[in-house]
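Okay, thanks everyone for coming. Let me put the structure up, and then I'll walk you through the sheet and some of the aromatic rings.

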Amino acid sequence: MRYSIVIPVYNRPDEVNELLAGLCEQTCRDFEVLVVEDGSAVPCREVVESYAGRLDLHYYEKPNSGPGQSRNYGVERASGAYVIILDSDVVLPPDYLAAIDAELAADPCDAFGGPDRAHPSFTPMQKAINYAMTSFFTTGGIRGGKKKLDKFYPRSFNMGVRTAVYRELGGFSDMRFGEDIDFSTRIFRGGYSCRLLPEAWVWHKRRTDLRKFFKQVHNSGIARIHLTKRHPGTLKLVHLLPAVFTLGCLLCLLVAPFWPWSLLPLLLFSLIVLVDASVRERSVGVGLRAVAASFVQLTGYGSGFLRAWWTRCVLGRGEFEAFRKNFYK
């Protein structure tokens with residue numbers, strides 16, 4: 001068997017239904033699917049069972065341990081030459097696996113990842129959040145953009161690894177956030193080949209509102225400091241930019257009562273995002289929401305980064321995460 005697709009899921013049966021429906025439409029059929037239920041209160045067993053006979057499908061239930069350990073659980077039971085890790089909130093185009101197959105046939109590699117896009121059916125806010133996570137003006141294009149400020153590291157929403165390499169490296173660590181970058185870093189440092197497959201893209205739903213989005217990116221900013229501690233030398237300029245942006249916003253707001261022109265950089269940034277997002281999504285409504293989402297993305301990540309820097313690098317404390325009790329609320 002060529003591919004084993006591992007899907008960890010936590011309380012998202014409707015999303016699993018969409019993902020499995022997309023897998024049924026794949027033009028490449030050499031794969032199995034392993035759904036790992038991570039201690040969900042709302043399980044997806046009935047959804048998975050409804051696809052029996054249409055997919056080579058395996059369903060497992062386990063106590064909650066987070067997505068990284070659930071992926072490892074699935075890979076332990078995988079039989080494919082490659083494992084493909086997908087988040088439960090992605091939707092696949094019919095040629096997704098065929099694109100991977102063609103890329104690997106032309107230029108084999110040990111690990112790979114693909115970019116993400118917003119589906120036309122997504123809400124305006126989901127499209128805005130997708131813009132904030134993928135635009136060159138907000139993330140530097142490092143999540144799969146054609147223009148980028150750093151090399152591409154596969155993310156766990158759309159990631160593939162040779163099964164033997166995955167097992168040799170021990171898979172995902174016990175990190176709750178940033179575990180995919182930790183794994184990608186260990187892949188690179190292990191001397192394995194890893195690259196972006198531009199045509200192996202997925203539609204990624206992401207968060208549905210700005211409050212949940214802030215919690216996500218704030219923890220991502222915290223995780224960057226944890227990653228720097230685990231992998232010295234991996235901190236790059238692009239990772240510092242959200243913190244600089246956050247401090248710059250605070251400075252502009254503090255100075256504004258005395259010198260209103262200090263708000264000009266923020267207004268200029270807002271205008272750039274508004275125009276770019278409106279053109280990209282063909283909607284001024286999405287463009288306006290993208291301005292808000294971009295500020296949340298940058299200040300959320302930046303504040304998490306600064307918080308973790310103070311806690312870990314100045315106070316010398318251990319790893320932590322934010323919103324542990326209400327992350328999903």
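So, look at I84: in this predicted model, I84 stands opposite G160 in strand 8.

Is strand 8 enclosed or open to the outside? It's largely enclosed by the rest of the structure, because four of its five residues, in the stretch 158–162, are buried.

Okay, zooming out. Strands of a sheet pair through backbone hydrogen bonds, parallel or antiparallel. Here we have seven strands in an open sheet, ordered 3-2-1-4-8-6-9, and the pairing is mixed. At the edges sit strand 3 (57–62) and strand 9 (194–196), each of which pairs on one side only. From one strand to the next, the twist averages 20°.

Now the helices on that sheet. Helix 1, residues 13–24, packs on it and touches strand 1, strand 2, strand 3 and strand 4. The direction of helix 1 makes about 170° with that of strand 1. Then there's helix 8, residues 179–189, which lies across strand 6, strand 8 and strand 9 and runs at about 35° to strand 8.

How many aromatic pairs does a search of the whole structure find? It's 14. One of them is Y60 with Y73, an edge-to-face pair at 6.0 Å centre to centre with 70° between the planes. Y60 is in strand 3 and Y73 is in helix 3, residues 67–76, so you can see that this pair links distant parts of the chain, 13 residues apart. Y60 counts as partly exposed, at 21% relative accessibility, and Y73 is also partly exposed, at 21%.

Another pair is F214 with F323: the ring centres are 6.3 Å apart and the planes sit at 75°, so that one is edge-to-face. F214 is in helix 9, F323 is in the segment after helix 12, and they're 109 residues apart. There's also a cluster of Y3, Y82 and F112, linked by ring pairs.

R71 lies over the face of F172, 4.8 Å from the ring centre. And the charged end of R176 sits over the ring of F177, at 4.9 Å from its centre.

Key: Residues are numbered from 1 along each chain as its sequence is written. This is a predicted model: local features need pLDDT of at least 70, side-chain atom pairs count only at pLDDT 80 or more; totals for chains, interfaces and linings use all residues. Side-chain values use heavy atoms; hydrogens and water are left out. Buried means under 20% relative accessible area, exposed over 50%, partly exposed in between (1.4 Å probe, protein chains only). Helices (H or I, at least four residues) and strands (E, at least two) are DSSP runs, numbered from the N terminus. Two strands pair if DSSP finds at least two bridges between them. Axes are lines fitted to C-alpha atoms, for helices over the stretch in contact, and angles run from 0 to 180 degrees between N-to-C directions. Contact means heavy atoms within 4.5 Å. Rings of Phe, Tyr and Trp (its six-membered ring) pair if their centres lie within 6.5 Å; planes under 30 degrees apart count as stacked, over 60 as edge-to-face and the rest as tilted. A charge sits over a ring if NZ of Lys or CZ of Arg is within 6 Å of the ring centre and within 35 degrees of the ring normal.
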